[in-house]
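Thanks for coming. I have one structure to go through today, and I will keep to what can be computed from the atoms.

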Amino acid sequence: MSALYLIFCLTVTATKAAYFSQQPQDQVVVSGQSVTLPCVIVGYRGMVQWTKDGLALGGERDLPGWTRYSLMGDPLSGEHSLLIDSAELADDAIYECQATQAGLRSHRAKLTVLVPPSDPVVEGGPVVRLKAHTAHNLTCRASGAKPAAEITWYRDGEVMDTAIYSKTTMEDGKRETAVSMLPITPEDSDSGRTYTCRVLNPAALAGRQTSITINVQHPPSVTLSVQPQTVTEGAKVLFICSASANPEITGYRWSKGGVPISEANGDSLEVTVDYSYFTDPVSCEVSNSVGNTNVSTLVDVQFGPRLLSEPKPMTVDIGMDAAFTCAWTGNPPLTLAWTKQGSSVVLSNGNTLQLKAVTQEDAGTYTCKAIVPRIGVAERDVTLTVNGPPIITADATQHAVKHSKGKLECRVGSSPPPDKIVWTFGDTSLSSGSSGRYSVQTVTSDHGVVSSLVLSETLAQDFQLRYNCTAWNRFGTGTALVILKEQEALPMLIIVGGAVGGGCVLLICVITLVSLCCRHTGKGELNGKRCTRLSKSDIRVQIVHSDHNATRGNDDEEDVKEPMAPNSSESPGTSRTEHSDLLEEEEDERSDIKDPTNGYYNVRGHEDRHIRSSGFSEYVPNSRPVYTPSQLPSPSPVYGQPGTQPRVYDFSNRYATTTVTQSTYEQQQAAQQQPAQSASIYPTDPLYSGSAYLPATYGRAFTSYVKPASYEKVDAYDQLDQASKVSSSSRFSYASSQVSSQQSDYGRPSQRMQTHV
């Protein structure tokens, strides 16, 4: 009973005097810190309790069930403050202090608990692998903060202000997550750069940060080179594929014109190039884990013309247009030239040749020629066919042998081929088949149609007719007129004579060949006879005159000779052969001495030191002109006298002589010479005072001639001399062979200088 009284008294007292001297206020606390919400009630001794978001925490001072909560202060003094130790986000609420028995409530106080953000996280860190030249967003995330964290980006310490910021509330409805995205497009040079994400909020004023490094990866960077760059077909070139990549290169792949080269797998390729390398590129593809890079190049291959488009033959009607097109390629750049066969005129230098309103003369073969300077030339032919009236070609005069088979021909070379060809002669027209002695044959060839009118036997009246060859086609007609003339048959006598003549020529050639072989054998035998030697004293020179008629040649053709004895039984051929063989042996021994007869008579001037009996001294003649046939003097009338005998000249007028003993033969010759000299039958030579001599073309012609001291007149000698005269009548003179040849038809006596041993 007393207890109830006490409570009643206290209640009455409290009611009369209780009030809040301190009330809780809104506070902000960082998570983890302690906070005290004050509550002091004056004049109240009853129960005090706190509510959190309207939920009563309890009336006990230690607040069982709330380990971090407790009431602080002296309850007798009315102190009932709420202590929250290590505030957490769960402590973030609205608190109220209540004096239950007094019916008092304090102001509502909001406790705000601040939560710092967690360490920022950059996606892909700490090393972010990026692809060069590809846009990318660096993302930094800060979560669990209250309020949401602020985010700032730095690149190598430099603030980046292009970031995009966003935030979202977490599931508890109190904390937030902040996200910042920094867009970048990295270059190869950005590899290794550092990007920093810094976050802060009121709970973490010092802020927190995270840094990452970017590794810019890129597909291979490739450079393809050719060594050498300019080559000719058939040369070798080296392709070098230089590449750099991040990460490392994993492989090479080569191709030409899109076709893989299976045998190539390294960073170089050596090939022998042809013209296709000028148009088909060579590619090098390099790969790594990021990607691949393909680089291509062409080779400057110099090559001759290559045909790309061949011209097509055309057939057009007369008066229409025609065009040909051909295309070539070559390196260096080529030049085109259109020409027509048979002409060098350039019609066009372009790929196309235009021909306007063609005529039949335009038909033919055209050439498209391509010229690559210093490399080569190529050409293609194309045919233009012009449809038009028939064009007939035929020989105006054709021949046949009377009473034998004859044939007349005409050729029709136009396009289209003729529909009909008709031969018209006299009152007869024939296009095909036979009619009496006449028949028509038609042959088609690449050059046109040949129509032949065949006469089984030609008669006299056939050579009096005119033959007309006429052809038709859809464009018109063409005609040609032909005359047949008689051709004489080759006489049988000419045929036989030709055969006999050919046989004779063949026989003469065989005989001549055998003679030359025998002569060569005879020379060998004579060379073996060392006991036979000739000297100047064994050689005599003679001029023989043959008078065939009253006409004579020029005086200057007379050559001074010494006659030989007449009457010789030897044949001319034998005499000349013997003498030539003997003198050729002498010539071999004295090859350095000139022959006044140019080798014809093998007479040589030489110095014979073994001959002591000569009475002649050395003589050097003055220069004397040599006459050509047109310059020779007119013939002397004295040569027209018949019966002129050979004469021996006195060499005293030409040579300085000493007294020598003459033989009987010499005296007889001198006696015969004197009357002849007195008669003056020979023309006077102004240079040598009355004697005519050989024109000496060589300075040493007779300068070393040695006259024999004596002669012996024998029969054999006479026979040899006579044979020499006979032989000389058919030979030419040494100095005037051309004149003698020209005048032999007029009966001029021929001359020949002979040598005898």
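I will start with the overall figures, then take the disulfides, the sheets and the core.

A word on the basis first. This is a predicted model, in which local features need pLDDT of at least 70 and side-chain atom pairs count only at pLDDT 80 or more, while totals for chains, interfaces and linings use all residues. Residues are numbered from 1 along each chain as its sequence is written, and side-chain values use heavy atoms, with hydrogens and water left out.

The protein has 6 helices and 47 strands. Helices (H or I, at least four residues) and strands (E, at least two) are DSSP runs, numbered from the N terminus. Of the 757 residues, 39% are buried; buried is under 20% relative accessible area, exposed is over 50%, and partly exposed is in between, with a 1.4 Å probe and protein chains only. Among contacts (heavy atoms within 4.5 Å) between residues at least 6 apart in sequence, 67% join residues at least 24 apart.

Now the disulfides. How many does the structure hold? There are 5, a disulfide being a pair of cysteine sulfur atoms within 2.5 Å. Counting bonded cysteines along the chain, the pattern is 1-2, 3-4, 5-6, 7-8, 9-10.

Take Cys39 and Cys97, whose sulfur atoms are 1.9 Å apart. This pair links distant parts of the chain, 58 residues apart: Cys39 is in the loop between strand S3 (35-37) and strand S4 (40-42), and Cys97 is in strand S9 (residues 93-99). The link is left-handed, with -75 degrees about the S-S bond. Cys39 and Cys97 are both buried.

Cys140 and Cys197 also form a disulfide, with sulfur atoms 1.6 Å apart. Cys140 belongs to strand S14 (residues 136-145) and Cys197 to strand S19 (residues 194-201), so the bond ties together parts that are 57 residues apart in sequence. The torsion about the S-S bond is about -85 degrees, so this disulfide is left-handed. Cys140 and Cys197 are both buried.

Another joins Cys326 to Cys368, S to S 1.9 Å. Cys326 sits in the loop between strand S30 (322-325) and strand S31 (327-331), and Cys368 in strand S34 (residues 364-372), so the pair ties together parts that are 42 residues apart in sequence. Why does Cys326 count as buried? Because its relative accessible area is 0%. Cys368 counts as buried as well, at 0% relative accessibility.

Cys504 is partly exposed, with a relative accessible area of 40%, and Cys517 is partly exposed at 44%.

On to strand pairing. Strands of a sheet pair through backbone hydrogen bonds, either parallel or antiparallel. Here two strands pair if DSSP finds at least two bridges between them. S34, the strand that holds Cys368, runs antiparallel to S35, with 9 bridges between them. In that pairing Ile371 stands opposite Val377 in S35. The hairpin of S34 and S35 has 3 residues between the strands, and Arg374 takes a positive phi near 65 degrees there. Strand S35 (residues 376-387) is also joined by 4 bridges to strand S29 (residues 314-317), and these two run parallel. Met314 stands opposite Leu384 in S35.

There is also an open sheet of 4 strands, in the order S12-S14-S18-S17, with antiparallel pairing. Which are its edge strands? They are strand S12 (121-122) and strand S17 (164-169), each pairing on one side only. S17 and strand S18 (residues 176-184) share 6 bridges, and Ser166 stands opposite Val179 in S18.

Last, the core. A nonpolar core is a set of buried Ala, Val, Leu, Ile, Met, Phe, Trp, Tyr and Cys residues joined through side-chain atoms within 4.5 Å. The largest one has 23 residues, and Ile41, Trp50, Tyr69, Leu82, Ile84, Tyr95 and Leu111 touch the most other members. Elements giving two or more residues to this core include S3, strand S5 (48-52) and strand S11 (109-114). S9 gives the most, with 4 residues. Not counting residues up to four places away in sequence, Leu111 touches several residues, among them Val29, Val35, Ile84 and Tyr95.

That is the set; I will take questions.
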